[in-house]
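Reader: I've got a new model open and I'd like to read it with you, feature by feature. Where do we start?

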Amino acid sequence: MFDDDYSHAQPIDVAAVCEELRMLVNSGRMRSMWQLPPAEAFGLVGIDTHFQSSYGAELDWYGPLEIWRGPEHEVSDILFNGPPNDPFFVVQRGAMVDSGVTVHPEWIVWIQHQLLLRSRKIDPWDQDWPAPMMQGVADRMRYAITQSQVSRDGGSLAIRLLPERWRTLDDLVHADTISREASDLLLAALKAGASVLISGATGSGKTTLTAGLTDAIGRSMRLVFIEDGGELPRSYNSLHMDVPSDEYAFSRCVKFSLRQKPNFIIVGEVRGGEAMAMLQAAATGHPGIGTIHAGSVQGALRNLERMAMLGLAAEAGGGGQAAAQIVRGLITSDVVNLLVVQIGRTENGRRSVLAIEEVLRQGAQGQSGDHFPTNVLFQHDRRHERLVRVGHVNGAWGLGRL
């Protein structure tokens with residue numbers, strides 16, 4: 001397939017190499033080679049070690065993962081747990097299944113190296129990982145991988161395959177993930193300068209809904225995205241910032257984004273002190289959209305409060321009741337105008353928005369951990385399996401109209 005001496009050959013067409021390797025996988029000719037070390041397998045198809053070391057960062061091909069990367073397979077997640085003889089598990093059409101595919105342990109190392117190379121976490125000449133646990137996004141794959149220091153049975157893989165085409169709000173309405181009335185209200189809230197926090201468990205659809213909202217408002221507004229892996233799709237007029245791995249980097253990026261003239265600040269996942277920076281930004285006229293892990297609207301607000309207190313403590317060097325009142329005062333202020341969207345799975349397993357609630361004005365009243373006052377705007381009706389309107393907006397931005 002290739003000349004033996006690459007150093008004296010013409011430049012390699014890496015895209016053509018990738019295409020031929022995918023053809024070998026699709027035809028089943030690579031099936032027996034997964035039990036061999038990558039160097040031997042590549043040698044059998046005419047690729048020498050010089051090519052691997054020189055073009056690895058350009059090679060959009062991931063060995064055994066190619067079995068499931070195509071959209072026709074309807075696979076959303078690929079998982080490998082570490083033990084050398086274990087199979088890959090995949091989530092296909094919403095169900096976790098044992099693929100029966102086993103590989104030589106060196107393929108796991110090779111896949112991990114490719115993910116880190118292609119997401120620019122390491123340079124081609126790096127021999128060591130920066131850390132035993134790494135995450136990022138490479139070639140529409142969001143990954144979390146470990147080395148044996150952390151996963152004692154060997155290196156592990158947890159990969160979410162991102163869509164080639166993200167769903168729009170119209171798509172989500174047609175799929176009954178959200179009602180047309182609810183999506184229209186969220187867009188009206190965003191256009192009026194409200195902030196939206198999307199809450200749910202892992203795999204609930206938080207990122208998909210965020211992408212739908214940013215697609216809709218990104219046609220007329222400037223968005224600044226802040227993520228640690230570059231997962232969300234680009235909008236027409238948008239800046240995407242990849243967060244450095246050091247402590248408090250998210251908070252610094254949120255503050256820096258204020259100098260980028262954003263209409264909205266989009267934080268892929270709120271998980272630390274950046275919550276305080278987001279609340280402060282919203283209070284000064286820079287609203288945001290963020291996702292947060294929680295099982296309920298109240299859980300999301302308590303998590304937001306806790307994370308914001310961490311950010312305030314880092315800034316001020318302290319906490320206590322005074323800090324709690326500052327944070328609660330921001331969350332329940334009339335200048336932040338916060339809506340919480342809870343998304344998850346219904347009793348029949350379908351992804352759906354389960355509630356949309358508006359945080360009511362309270363000021364600095366209440367103690368840390370107290371119930372937050374909210375106005376329920378939409379609630380999922382379990383009996384009829386649909387999202388229904390149950391209240392109207394209390395805040396000045398939508399009072400009497402929504």
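Author: With how elements are named: helices (H or I, at least four residues) and strands (E, at least two) are DSSP runs, numbered from the N terminus. By that count the chain has 11 helices and 15 strands. Just after α9, glycine 285 takes a positive phi of about 90°. Keep in mind that this is a predicted model, where local features need pLDDT of at least 70, side-chain atom pairs count only at pLDDT 80 or more, and totals for chains, interfaces and linings use all residues. Residues are numbered from 1 along each chain as its sequence is written, and side-chain values use heavy atoms, with hydrogens and water left out.

Reader: In what order do the 9 strands of the open sheet run?

Author: The general idea is that strands of a sheet pair through backbone hydrogen bonds, either parallel or antiparallel. Two strands pair if DSSP finds at least two bridges between them. Here the order is β9-β8-β10-β11-β7-β12-β13-β14-β15, with mixed pairing. At the edges sit β9 (238–242) and β15 (386–389), each pairing on one side only. Neighbouring strands are turned by 20° against each other on average, direction ignored; axes are lines fitted to C-alpha atoms, for helices over the stretch in contact, and angles run from 0 to 180 degrees between N-to-C directions.

Reader: In which sense do β8 and β10 pair?

Author: Parallel: β8 (residues 223–227) and β10 (residues 264–267) share 4 bridges. Valine 224, for instance, has isoleucine 265 in β10 as its bridge partner.

Reader: Which strands does helix α9 touch?

Author: Contact means heavy atoms within 4.5 Å. Helix α9 (residues 274–283) packs on the sheet against β7 (195–200), β10 and β11 (288–293), its direction making about 155° with that of β11. Helix α8 (residues 249–257) lies across β8, β9 and β10, at about 170° to β8.

Reader: Is α9 mostly covered or uncovered?

Author: Buried means under 20% relative accessible area, exposed over 50%, partly exposed in between (1.4 Å probe, protein chains only). In α9, 8 of its 10 residues are buried, including Met276, Met278 and Leu279. For the chain, 50% of the 402 residues count as buried.
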